[in-house]
Structure formats: C-alpha cells, structure tokens
Amino acid sequence: DASFAQVVAVDTQFDLFNRAWCVGELAEAKRMGMQQSLQLRSGDELGAHEGKLRELKVEDMKASRPEDVEEILAKIPDKAVFNAALQALIFDDRIGLLAAWREKDTEAQMVSVGRIIRWQVVGGDAIWRNWASE
C-alpha cells in the first residue's frame, strides 16, 4: 500500500539482512508498493559491509527457530529468482534501498545519524516519545 512507509533501521553489523523474517518483510513491503527508507549509522559502515550484502542468499538466512527458516523457504518457489530480487531491492541504481540512502543530501544523512545516536543514548520506550516530539 503506497499510503504506508517502512523505515529500515540497519544495525551496525548489517545482521538485519541475515535474518529470514526481516528480509521476508522487506521483500513483502516492496511487493506491496510501500515506500522504504534505509537508515544507516554511517556510509563507512555501508562500505565495510557491501561485499557481504552482495553475497546474500535466502538459503543462508537465520531465524531464532529453525522451523521458521523452513517455513519461509517453503514459501519461495524459486530461490534464485528471489535472490536476484533481493539484490535488486538492495542495490538497484534507481529503486534500491542503497540508492535512496545515497541520494539523501548531507544534511538529511546527518539528521538520520543524529536520530539513531539519540535512540542509542536514550534507549527503551523513550525512543517513541522522542520521535513524536520531532
């Protein structure tokens, strides 16, 4: 639904992209036409993990429960097609998550970085109170 948006807050190790449910939700949101916005702590971290992202395969993803991985994989009839779509979701020059991040101007990137740092400092449910006040 284009009236909704998904904010993808990526951890510093980019482990989000190794979690089966997280990747499944990213793919489903894209399929539904949701606007997606990637939030990274820094471009340097992106550079450090870009190689790992380019090697992502749904077959290698993890979940807390092994049966969750089995359930997710069972819903994907063609893993190679899904993996190619996942790479496009992340790297496509026009519509990929990283393209949108790179297009942000410096000021917008600093606002994003500042918000993430505040979240880490404040922690807990105060995140949502601070978000609402901005």
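This is a predicted model: local features need pLDDT of at least 70, side-chain atom pairs count only at pLDDT 80 or more; totals for chains, interfaces and linings use all residues.
Of the 134 residues of this chain, 35% count as buried, where buried means under 20% relative accessible area, exposed means over 50%, and partly exposed is whatever falls in between, with a 1.4 Å probe and protein chains only. Residues are numbered from 1 along each chain as its sequence is written, and side-chain values use heavy atoms, with hydrogens and water left out.

The chain exposes about 8300 Å², and carbon and sulfur atoms supply 55% of that area, the areas coming from the Shrake-Rupley method with a 1.4 Å probe, and with only the protein chains shown counting as cover for residues. Its secondary structure comes to seven helices and two strands, and from the N terminus on the elements run β-α-β-α-α-α-α-α-α; helices here are DSSP runs of H or I with at least four residues, strands are runs of E with at least two, and both are numbered from the N terminus. If we take contacts, meaning heavy atoms within 4.5 Å, between residues at least 6 apart in sequence, then 67% of them join residues at least 24 apart.

Let me turn to helix H2, which covers residues 43–54. Which residues of H2 are buried? They are Glu 45, Leu 46, His 49, Glu 50 and Leu 53, and because they cover an arc of only 155 degrees around the axis, they lie on the same side of H2, the arc being that of the directions from the helix axis to the C-beta atoms. The face turned away from that buried side carries the exposed residues Asp 44, Gly 47 and Ala 48, while the cover over the buried residues includes helix H4 (79–91) and helix H5 (97–103).

Finally, Met 32 sits in the loop between helix H1 (20–31) and strand E2 (35–39), and counts as partly exposed because its relative accessibility is 38%. Met 32 and Phe 4 are 28 residues apart in sequence, and their C-alpha atoms are 9.6 Å apart in space.
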